Amino acid sequence: MTSEAKLSKDDMTVCFILGGPGSGKGTQCAKLVQDFGFVHMSAGDLLREEQQRPGSEYGELIQNCIKEGKIVPMEVTITLLEKKIIESDSNRFLIDGFPRQLDQALAFEKEVVESTLIIYLECSEEVMLKRLLKRGETSGRIDDNKETILKRFKTFLELSYPVVEHFRKSGKVHTVPCEDSVEEVYARVKPIFAELFKQK
Ligand SMILES: Nc1ncnc2c1ncn2[C@@H]1O[C@H](COP(=O)(O)OP(=O)(O)OP(=O)(O)O)[C@@H](O)[C@H]1O
Ligand SMILES: O=c1ccn([C@@H]2O[C@H](COP(=O)(O)O)[C@@H](O)[C@H]2O)c(=O)[nH]1
Ligand SMILES: [Mg+2]
């Protein structure tokens, strides 16, 4: 990583999709991809891919962090995200579940590219817990169990939510209540994108 942003906000659009564990980030991103042609990059998925890549020097570190609901050092995550952006033909990206911590937000915007828009999916822990326990019946994710979910909630509140607060000052954050059905939540998200970006 260098000390200056490598990419320009004038040439590309990066939207951060933030929210607690199980708030529905991935679900809403899938719908935005269909309607607005963004490339969806889930930081968690990229880390899981890297963890499983034979020969990865970060495999064990990533696995331990995910199991404990902790945050993987930003050098690893930013390198994976940056590589995906540079390799892509697109210039519209939804970055789901990143930045997870204030220093990550500052580093990514300074060294890679500034974000255009932030969606914050607001959800109670009660609803998120219910969704994640249900997802855990089939997901196979090592962090979809009650013990890890509670740790993930703590990490979100203490380290990740301050990222949302930070971006609020820039006026880029749109807070979306997300305890209703997928379609009802998307009916709130879609107009935000429709106003800023052309539909496919
Ligand atoms: N609005 C909704 N109503 C009911 N269930 C939902 C809703 N949105 C998502 N879900 C379900 O909740 C679970 C979590 O959703 P999703 O994977 O999109 O969340 P996430 O924020 O990406 O979670 P994580 O942070 O763990 O990656 C999934 O099983 C999904 O089908
Ligand atoms: O930027 C990130 C994103 C994720 N992690 C780790 O992965 C898990 C799962 O993330 P999901 O977004 O729920 O898929 C998360 O609890 C962290 O341990 C990360 O460190 N940095
Ligand atoms: Mg997800």
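A: The space taken by ligand 2 is the largest pocket. A pocket here is an open set of points on a 1 Å grid over the protein atoms alone, where a 1.4 Å probe fits and protein lies on both sides within 12 Å along at least five of seven lines. A molecule is placed in a pocket if more than half of its atoms lie within 2 Å of the pocket's grid points. The model is predicted, so local features need pLDDT of at least 70 and side-chain atom pairs count only at pLDDT 80 or more, while totals for chains, interfaces and linings use all residues. Residues are numbered from 1 along each chain as its sequence is written, chains are lettered from A and ligands numbered from 1 in the order in which they are written, and side-chain values use heavy atoms, without hydrogens or water.

The shell around ligand 2 has 16 residues, of which R48, K70, V72, R100 and R141 come nearest; a residue counts as near if one of its heavy atoms lies within 4 Å. Helix α2 (43-52) and helix α3 (59-68) each supply at least two shell residues, and α2 gives the largest share, four. Helices are DSSP runs of H or I with at least four residues, strands are E runs of at least two, and both are numbered from the N terminus. By class, the shell divides into seven nonpolar, three polar and six charged residues. Ala, Val, Leu, Ile, Met, Phe, Trp, Tyr, Cys and Pro count as nonpolar, Asp, Glu, Lys and Arg as charged, and the others, Gly among them, as polar.

Polar contacts to the backbone (pairs of N or O atoms within 3.5 Å) include K70, with a polar backbone atom 2.6 Å from an oxygen atom of ligand 2. For V72 the corresponding distance to an oxygen atom of the ligand is 2.7 Å. A backbone N or O atom of G97 lies 3.4 Å from an oxygen atom of ligand 2. Ligand 2 taken alone exposes 450 Å², and the protein buries 96% of that; these areas come from the Shrake-Rupley method with a 1.4 Å probe.

Elsewhere in the chain, the peptide bond from F98 to P99 is cis, with omega near 0°. P99 lies in the loop between β3 (92-96) and α5 (102-111). Most peptide bonds are trans.

Ligand 1 is surrounded by 17 residues, with K25, T27, R135, R152 and D180 closest. The space taken by ligand 1 is the largest pocket. The elements giving two or more residues to the shell around ligand 1 are α1, α6 (125-139) and α8. That shell has four nonpolar, seven polar and six charged residues. A backbone N or O atom of G22 lies 3.1 Å from an oxygen atom of ligand 1, and for a polar backbone atom of G24 the distance to an oxygen atom is 3.0 Å. At D180, a polar backbone atom is 2.8 Å from a nitrogen atom of ligand 1. Ligand 1 exposes 620 Å² taken alone, of which the protein buries 76%.

Key. A polar contact is a pair of N or O atoms within 3.5 Å; within protein, one must be able to donate a hydrogen and the other to accept it, and residues adjacent in sequence count only if both atoms are side-chain atoms. On a 1 Å grid over the protein atoms alone, a cavity is a set of points where a 1.4 Å probe fits but cannot get out, and a pocket is an open set with protein on both sides within 12 Å along at least five of seven lines; lining residues have an atom within 4 Å of a point.
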